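This report walks through selected parts of one protein structure. Look at the sequence and the model first, then read on.

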Amino acid sequence: MSNRLAKEDSPYLQQHKNNPVDWYPWGDEAFAKAKAENKAIFISIGYSSCHWCHVMEEKVFEDKECASILNEGFVCIKVDREERPDIDKHYQEVHLLLNRRSGGWPTSIFCTPQNKPFFAGTYIPPESNAGSVERMGFKDLTRLIITKIEENDPKLFENADEIESFLNKTTAPKEATVLKEEFYKNFTLQAKNIYETTNGGFSVKPKFPHASTLNALLSVDRLYDDKSAKAMATHTLDNMKKGGMYDLVDGGFCRYSTDDKWLVPHFEKMLYDNALLCGVYASAYLRYEDLSYLKTAKEIADFWFRHMTRDDLFYSASDADSEGEEGTYFVYSYDEVYDVLVQNGYENAKAICAQMSVTHGGNFEGKNIIRFENGEVPEWFEQVRISLQKLRQNREYPFIDKKAQTSWSAMMINSLFALGAIDGKYREKAVKSLKALIKTMYLDGKLYHTTLVGKMPKVEAFLEDYAFLSQALLSAFKHTQDESYLIQAQRFANKALENFYDKGQWNFSVGEFVTKAETSDNTYSSSISVMVDVLLSLSTLLEDDKYSRFAFKTMEYNSYELGRKPIHAPYMLTQVFRYLKGDRVVKASLDDLKRDSLALAKLDYPFIQLKRSDERGYMICGDKSCFSNTQNIEEVNELVKNSF
């Protein structure tokens with residue numbers, strides 16, 4: 001028999017509707033029951049493509065003994081972190097406070113009947129290990145909590161009150177620091193200190209792609225001709241696309257690599273990673289003219305359109321698991337690859353297998369992940385790839401989470417516009433997707449965060465939705481010069497200022513959960529930093545200083561930490577450079593802007609705005625005056641440089 005989650009739209013909650021646990025969705029009914037029956041609350045937070053969430057479901061939530069303990073002594077609540085990032089952010093703070101380290105997913109929170117948290121963990125195995133509290137298994141832990149609640153244990157309730165008071169504290173900012181371009185030196189030094197010199201990236205293992213850090217390094221190179229920034233960025237980009245975390249067969253990046261070589265991933269693919277990395281690789285191509293970067297960017301976009309799109313809306317994620325195991329869809333045995341090559345007439349099948357890192361022993365649990373160790377993808381792979389794709393067609397495709405999310409979709413649209421300056425077909429796709437997103441998520445004057453494709457949205461937008469959507473609209477204006485996009489971006493930015501801004505600080509959510517927005521670029525770029533980007537663009541394009549004042553106040557509020565630990569906030573760091581140096585506006589006719597879109601995208605200076613003009617030729621302007629003009633697109637780059 002299904003539980004209460006059967007009525008929910010969220011794919012993640014639907015995954016748990018047949019658990020023997022008596023799950024409640026987040027809401028007043030659950031909290032009222034806990035208080036009335038004096039039962040502890042168990043809150044489990046995850047998402048549909050999370051591998052360890054599936055493991056906990058299998059080992060704990062499907063276990064009849066665990067379920068019986070939960071049903072007897074707890075009110076159990078399931079939360080989709082992608083649907084309710086405000087709830088997730090709140091309880092990630094709880095985990096950090098209680099454990100003095102960041103959490104992850106699944107997130108396991110235990111609260112008093114009054115909904116005050118006192119214990120936080122991530123994956124908790126069913127059985128205890130070594131008898132310590134830290135290694136206490138789910139069964140022993142939940143039985144202990146039931147006893148403590150029934151006995152009204154004073155220490156537990158005191159701890160819960162203390163945690164609650166810490167969570168409610170507000171901290172004033174430290175003394176402001178003067179914003180300086182020299183911050184880039186500290187950033188580059190800090191990046192070097194954590195850089196993994198063998199395979200690139202900014203940790204040993206597991207390795208996440210850190211798109212914001214890579215983008216900041218590209219900007220530092222463009223602004224200051226910094227060879228170390230270039231080396232860290234290109235070495236990482238080269239290694240990431242060798243195959244493994246990057247799926248050479250279908251395209252697209254998995255969420256992270258479990259090893260230091262970018263070889264063995266958790267195989268889930270998230271829209272936000274692929275959107276941001278599509279933009280990074282497109283930017284790297286524009287800077288260094290390496291065609292392999294452009295190929296990677298296009299393959300990311302093409303994968304999402306081929307597998308992860310409906311009605312011009314982007315799905316949020318695909319799973320790591322299929323047929324009950326992780327990675328089954330993605331990996332190959334030696335024999336099946338060798339046989340398909342022979343069947344297709346390849347006389348050098350053994351040599352091809354060796355080049356693709358396909359061996360009898362395998363490179364992942366006895367099977368093979370396709371990879372080119374030298375980083376060069378041969379021309380013959382285009383045809384071989386088709387054969388490898390056909391082998392996959394006989395397999396069960398991983399579960400797809402068919403939610404559309406405003407913020408993540410806008411990230412992809414933004415990257416598609418950047419790619420569209422190189423290849424016009426992606427601009428056309430971006431325009432269609434942006435239209436579909438606004439039609440779906442902006443209803444009766446209200447912006448929404450997420451919905452299952454084909455259903456009406458229910459969860460109202462958070463700061464990240466306003467920020468990334470405004471950014472995508474400004475990209476649409478830049479690449480089409482349709483002023484309706486600029487008007488819409490201004491509307492959403494004004495609403496974000498009204499709802500989320502307070503004297504330099506930004507909230508991520510308001511209403512039921514008031515949570516502070518973060519300046520650090522964690523899972524993806526900080527929504528505060530993206531709002532600063534948006535405000536600076538509006539200030540330049542509308543010639544309205546009030547937007548740059550809001551941007552400055554935000555950066556000033558965060559300047560103390562930004563000057564000392566810029567590695568935590570690389571996106572905001574690039575906006576500091578932008579604020580101090582200023583935008584450059586290239587004005588030209590619409591025909592010239594469209595014809596020379598690639599040349600304009602390749603300009604060395606990273607902070608370029610485009611504006612339609614009735615004059616012939618190209619005029620280079622700042623925010624208050626124009627510096628020079630030319631009839632020759634080849635001269636624009638030098639004229640921009642000479643304007644400083």
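## Backbone exceptions

Proline 106 sits in the loop between α5 (85–99) and β4 (107–111). The model is a predicted one, and the values below are computed from it. The peptide bond that leads from tryptophan 105 to proline 106 is cis, and its omega is near 5 degrees. A cis bond also joins lysine 205 and proline 206, with omega about -5 degrees. Proline 206 belongs to the loop between α8 (183–194) and α9 (211–224).

Asparagine 115 is not a glycine, yet its phi is positive, near 65 degrees. Asparagine 115 is placed in the loop between β4 and β5 (117–121). Aspartate 444, also not a glycine, has a positive phi of about 50 degrees. The loop that holds aspartate 444 runs between β16 (442–443) and β17 (446–452). Aspartate 444 counts as exposed because its relative accessible area is 84%, and the cut-off for exposed is over 50%. As background, most residues other than glycine have a negative phi, and most peptide bonds are trans.

| Site | Angle | Loop |
|---|---|---|
| Trp105 to Pro106 | omega near 5 degrees | between α5 (85–99) and β4 (107–111) |
| Lys205 to Pro206 | omega about -5 degrees | between α8 (183–194) and α9 (211–224) |
| Asp444 | phi about 50 degrees | between β16 (442–443) and β17 (446–452) |

In soluble globular proteins, nonpolar side chains tend to be buried together. Here the largest nonpolar core has 211 residues, and the ones with the most contacts inside it are Ile43, Phe138, Met356, Leu388 and Trp506. The element that gives the most to this core is helix α11 (residues 271–288), with twelve residues.

Which residues does phenylalanine 138 touch, leaving aside its neighbours within four places in sequence? Its contacts are Phe42, Met56, Val60, Phe61, Cys66, Leu70, Phe110, Ile124, Pro125 and Pro126.

Three strands form an open sheet in the order β19-β20-β21, and the pairing is antiparallel. Its edge strands, β19 (501–502) and β21 (515–516), each pair on one side only. β19 is joined to strand β20 (residues 505–509) by two bridges, and the two strands run antiparallel. Aspartate 502 has glutamine 505 of β20 as its bridge partner. Helix α19 (residues 483–500) packs on this sheet and touches β19 and β20, and its direction makes about 95 degrees with that of β20.

Helix α18 (residues 463–480) and helix α20 (residues 527–542) have axes that come within 9 Å and cross at roughly 40 degrees. This crossing of α18 and α20 is left-handed. Among the residues that make the contact are Tyr466, Phe468, Leu474 and Phe477 of α18, and Ile528, Met531, Val534 and Leu541 of α20. By class, the contact of α18 with α20 has twelve nonpolar, four polar and two charged residues.

Leucine 541 lies in helix α20. Is leucine 541 buried or exposed? Its relative accessibility is 4%, so leucine 541 counts as buried, the cut-off being under 20%. Apart from neighbours within four places in sequence, leucine 541 is in contact with Leu474, Phe477, Leu486, Gln609, Leu610 and Lys611. Leucine 541 and lysine 611 are 70 residues apart in sequence, while their C-alpha atoms are 7.9 Å apart in space.

## The four-stranded sheet

Four strands make up an open sheet with the order β23-β22-β24-β25 and mixed pairing. β23 and β25 (626–630) are the edge strands, each pairing on one side only. From one strand to the next, the twist averages 20 degrees.

Strand β22 (residues 584–588) is mostly covered, with four of its five residues buried. β22 runs parallel to strand β23 (residues 608–612), and five bridges join them. Valine 586 has leucine 610 of β23 as its bridge partner. With strand β24 (residues 618–621), β22 pairs in the antiparallel sense over three bridges. In β24, cysteine 621 stands opposite valine 585, and methionine 619 is the bridge partner of lysine 587.

Notes: Residues are numbered from 1 along each chain as its sequence is written. This is a predicted model: local features need pLDDT of at least 70, side-chain atom pairs count only at pLDDT 80 or more; totals for chains, interfaces and linings use all residues. Side-chain values use heavy atoms; hydrogens and water are left out. A nonpolar core is a set of buried Ala, Val, Leu, Ile, Met, Phe, Trp, Tyr and Cys residues joined through side-chain atoms within 4.5 Å. Buried means under 20% relative accessible area, exposed over 50%, partly exposed in between (1.4 Å probe, protein chains only). Contact means heavy atoms within 4.5 Å. Axes are lines fitted to C-alpha atoms, for helices over the stretch in contact, and angles run from 0 to 180 degrees between N-to-C directions. A crossing is left-handed if the near helix is turned anticlockwise from the far one by less than a right angle, and right-handed if clockwise. Ala, Val, Leu, Ile, Met, Phe, Trp, Tyr, Cys and Pro count as nonpolar, Asp, Glu, Lys and Arg as charged, and the others, Gly among them, as polar. Two strands pair if DSSP finds at least two bridges between them.
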